[in-house]
Amino acid sequence: PIGAKRFKELTLAQFWNKCRIFRVVPDFVAQFGINGDPEIQTNWDSKGTLLDDPVKASNVRGTVSFAKISSNSRTTQVFINLKDNDGL
């Protein structure tokens, strides 16, 4: 619920309009979520990180998930699973 709410907020704010895919690992993920306008990105970064949601589904091909570096560290970066990534 927390991640879905943030994703909806980002979408309604048209945050994704100035984002480009910046990392593609073939047969793994495509990552995006850094806004091309530094002011917009700083505004969203200032909101802090998101708490982790309980895992309800695995990262199967075609799903979108927030990227994170540790527990409770999600921001605006997301990735598209290019294959089933059950280990993520």
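Colleague: What is the volume of the largest pocket?
Modeller: About 810 Å³, counted as the space filled by probe spheres set on grid points joined across faces, edges and corners. This is a predicted model: local features need pLDDT of at least 70, side-chain atom pairs count only at pLDDT 80 or more, and totals for chains, interfaces and linings use all residues. Residues are numbered from 1 along each chain as its sequence is written, and side-chain values use heavy atoms, without hydrogens and water.

Colleague: Which residues lie closest to the centre of the largest pocket?
Modeller: Val55, Asn59, Ser65, Phe66 and Arg74, out of 27 lining residues. Two or more lining residues come from each of α1 (2-12), β2 (29-32), β3 (64-66) and β4. The lining divides into 14 nonpolar, 6 polar and 7 charged residues.

Colleague: Why is the contact of arginine 6 with glutamate 9 called a salt bridge?
Modeller: A salt bridge needs a side-chain nitrogen of Lys or Arg within 4 Å of a carboxyl oxygen of Asp or Glu. Here the closest N and O atoms are 3.3 Å apart. So the pair qualifies. Both residues sit in helix α1, 3 residues apart, about one turn. In total, the rule gives 4 salt bridges.

Colleague: Why is arginine 6 called buried?
Modeller: Its relative accessibility is 9%, and buried means under 20% (exposed is over 50%, partly exposed in between; 1.4 Å probe, protein chains only). Therefore arginine 6 counts as buried. Glutamate 9, at 32%, counts as partly exposed.

Colleague: What makes aspartate 52 and arginine 74 a salt bridge?
Modeller: The N to O distance of 3.9 Å, which falls within the cut-off. Aspartate 52 lies in the loop between α2 and β3, and arginine 74 in the loop between β3 and β4, so the pair ties together parts 22 residues apart in sequence. Arginine 74 is buried, at 8% relative accessible area.

Colleague: Which residue meets aspartate 52 at 3.0 Å, N to O?
Modeller: Lysine 68, in a salt bridge. That pair links distant parts of the chain, 16 residues apart. Lysine 68 has a relative accessible area of 46%, so it is partly exposed. Aspartate 52 is partly exposed too, at 25%. Asp52, Asp53, Lys68 and Arg74 are linked in a network of salt bridges.

Colleague: Which residues form a nonpolar patch on the surface?
Modeller: Ile21, Val24 and Leu82, with about 250 Å² of accessible area together. Leucine 82 is in the segment after β4 (78-81).

Key:
Patch = residues over 30% accessible without salt bridge, like charges linked within 9 Å, V, L, I, M, F, W, Y side chains within 5 Å. Areas by Shrake-Rupley, 256 points an atom, 1.4 Å probe, with all protein chains shown as cover. Helix = DSSP H or I, 4+ residues; strand = E, 2+ residues; numbered from the N terminus. 1 Å grid on protein atoms, 1.4 Å probe; cavity = no way out; pocket = protein on both sides within 12 Å on 5 of 7 lines; lining within 4 Å. Nonpolar A, V, L, I, M, F, W, Y, C, P; charged D, E, K, R; others polar.
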